[in-house]
Amino acid sequence: MVGSDDFNSLPTPSPPPAEQKDPPMQWGVTKPLSNAGPTDVDIQRTKDLEKFLVDSGLYESAEETAKREEVLDRLKKVVKDWVKELTRLRGYTDQMVEDANAVIFTFGSYRLGVHGPGADIDTLCVGPSYVNREEDFFYVLHNILDEMEEVTELQPVPDAHVPVMKFKFDGISIDLLYASISLLVVPDDLDISNISVLYDIDEPTVRSLNGCRVADQILKLVPDVENFRTTLRCLKFWAKRRGVYSNVTGFLGGVNWALLVARLCQFYPKANPSMLVSRFFIIYTLWRWPNAVTLCEIEDNELGFSVWNPKKNPWDRNHLMPIITPSYPCMNSSYNVSASTLRVMMEQFQVGKRICEDIELNKVQWSALFEPYLFFESYKNYLQVDIIAADVDDLRAWRGWVESRLRQLTLMIERDTSGKLQCHPCPHDYVDSSNQCSHCAFFMGLQRKQGEVIQEGQQFDIRQTVDEFRHQINSYMYWKPGMDIYVSHVRRKQIPSYVFPEGYRRTRHARPASQVDKASCEGSVERVSKRKKGVDVPDLEVSEKKRQSISPQKESIGALTETTKAEVVSRLTGIVDRDKEFNDGVIAPNHRKHTAENSDNGCCNLSSGHAYSGNNEKGSSPGGTCSNEASPPQLLHNTHKEELEPNADLAMVLKSGDGEKNLMSKVEKIEIPLI
C-alpha cells in the first residue's frame, strides 16, 4: 500500500506534448487588443493598397538602390582614410595607424527599409576617442568633402540639437552625424546596441548614437517587420499629403511615425497592412494624450543620462504628445509638438478615420485617403514669412535656421494670446520661380480657438510677438550680408499664385467632404447668425516697427544691391514705401468695416528693414480639441472634445486694443465675423 507521503514523492507525469500550450506572446507593455488575422477581404484590400503605393512611386528602382549602396561604400572609405590620416598626424605608432578605423551606420527610413526615391540617407560615423567632433569632424572632414567633386551642397550644422553635416554625394542626399566613443580602435563589427558604447561620452554623442540604436530596437519590437514597413510607408505618405509630416515645425517626423506604427503593430500582432492603417486612425483618435506611447518599459541605468520621466522631471510634464524612444536613455521624440499642431493632427486623424470607414464599406478607394490637404483654402488669415539671401548657398543655411525657429513663433503666439489664437504652420516652403533673387516663403494659417467667447472690441495684438521672433532670427551666429526676413499678414485672397501647383489660383469650389464635418457646418450657421446681429469680432493686430537686429551692421548685401533688394521686397509684397507705417495703437471697433469683401484693403505693409503684419481674424477648421489635463489611468477614451491648454509655465497675456486711429487714411481695419 502506498501512503500519501509516498504518493506525493512520486514524479508527476508530464502532459502529452500535443496538449501543451505556449503562453500568448506579448509585444510591448500591454497585451494585444486583438490577435485576429486578416480575412479574404482584408488580404485583397492590402493588395489594392500595395498596388496604390507602387503606382504612387513610393518604391525606388533597383538602379537607385545599387547607387545608394555604392555611395555608402565610398563614404566608408573616405571616413576611414580621414581617421588614419589624423592618427598619423598625431604621432601614433605605425600599428595604430594601420588599425585606425571609423564605421558608418545608417538609421532613419533607410535603416527601417521604408525610404523612397530621392530620400536622403541618415548616416552615423563612429570614430575613436581621440577624433573629436568640433575640429576633426566639422573642420578637417568638412574640408576633405569640400574638395571632392562628387560632393555638393555641403552644409555643416554644428549648433543643431543633434550636430549634423548635410551634403549630396554623387547626387544622393546624406545627413552625416559623428560620435566619438571611448575606444582607441573601433572594430568593424561594433555592436552599437550594446550599452557599453555609451560609456564616458557626452549628451550630444548620446543623441547621435540613439538614432541607430532606436531603429534597431524598433525592428526587434514589432511582430512582423514586413507588415510594419508597408504600414509605415503608407502612413508617412498620408502624413505628407495631409501636411502633418515635419518634426521641425511641430508635427511628427520619421521616427515619430515609426514609433506610432510600431506600437500599433504590437496592439494587433496578426493584422495585415490594410487592417493596421484603419486601426491606426481609430487608436490615435481615441488616445488620451498626454499619455505616452511606449514600445517597452522605460528603464534607467547607472550611467546617469536623463531619461523621460514626468514624475521626476518637471519639464517632461509639459510635453503634449509624448512618443518615447525604446533604447536607453529613453527620450520623448515628439517634444516639438505644440497645442496648435496637436489640434491639427487630431483633426487629420479624424478625417483619416472617416475615410477608412468608407473604404471598408467599399464607398471609396484608397486614393481618397491620400487627397492633399488644401492648406490655402482652409483659413481666412495667414502669416507669410519671406526670407532672402545673397545667393543660393547663403539661402540654404538661412532657410534652415529660420525653419528651425518657426516652431518658436507658434509657441510665442500661443503664449501671448493665452492659447486663443491657434496656428497651423505649413511644413513646406515655397519659391517664386519668376523671382531672380534667392528667396523662399513659409506660411502659417491663423484662427481663433473654437468655442472661444467673443468680447466686443477684443483684439489680438501680436506685434511684439513678431518683433521678438525676428529678434531671435537675427541672432543667427552665421549671419551674412543679404540675409533678411519679412513677416506679413495676408488674407486668403492675397495668397501669392506661386504657392499653387498650377501656378495660379483655382476657382474656389465647395470644400471636399474630407475637410468638412458637422462642427464646421454648425459653425457656419452660428457665423451667419452673428453677422445678422452685427456682433463685433476681434481682429489680429500686427504692426511694423523699425528693425532692431543684434546681427552685424548690414551695410553691404553682397550680391544684392540696394536697388535690387528694394525691387525684391516690392515683388514679394507689392506694397508701400517705408514712411507709411501703422501706429502702435489698435484700431477701435467703430473704425472698422464689417464686410469680408473689402478684406484686401491694405492689410499689411512691408519695406526694407521692417517686419509687417496686419489684422487677422478667425478661420474655419473642422474637428474637436484635445486635453492636456492630468491623465487618468485609461489610455483611450471615447471623445477628445476637451480643452487643450498650452504649457502652464508660459506667461499668458490677452492684449486688447483701446482704439487709436490708423495713420494711413486709405487703410481701414476690416472685421470678419467669427467662424
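How many residues does helix α7 have, and how far does it reach from its first C-alpha to its last? The views below start there. This is a predicted model: local features need pLDDT of at least 70, side-chain atom pairs count only at pLDDT 80 or more, and totals for chains, interfaces and linings use all residues. Residues are numbered from 1 along each chain as its sequence is written, and side-chain values use heavy atoms, with hydrogens and water left out.

**View 1. Helix α7 and its bend at N210.** Helix α7 covers residues 203–221. It has 19 residues and reaches 25 Å, close to the 27 Å expected at 1.5 Å a residue. Helices are DSSP runs of H or I with at least four residues, strands are runs of E with at least two, and both are numbered from the N terminus. The expected span is 1.5 Å times one less than the number of residues. At N210, α7 bends by about 35°. That bend is the angle between axes fitted to the seven residues ending there and the seven starting there.

**View 2. N227 in helix α8.** Helix α8 spans residues 225–241. N227 counts as buried because its relative accessibility is 18% (buried is under 20% relative accessible area, with a 1.4 Å probe and protein chains only). N227 touches A271, N272, P273 and L276, leaving aside residues up to four places away in sequence. Contact means heavy atoms within 4.5 Å.

**View 3. An open sheet of 5 strands.** The order is β1-β2-β5-β4-β3, with mixed pairing. Strands β1 (103–107) and β3 (151–157) are the edges, each pairing on one side only. Two strands pair if DSSP finds at least two bridges between them.

**View 4. Strands β3 and β4.** β3 pairs with β4 (residues 164–169) in the antiparallel sense, over 5 bridges. P156 stands opposite M165 in β4.

Terms used: Buried means under 20% relative accessible area, exposed over 50%, partly exposed in between (1.4 Å probe, protein chains only).
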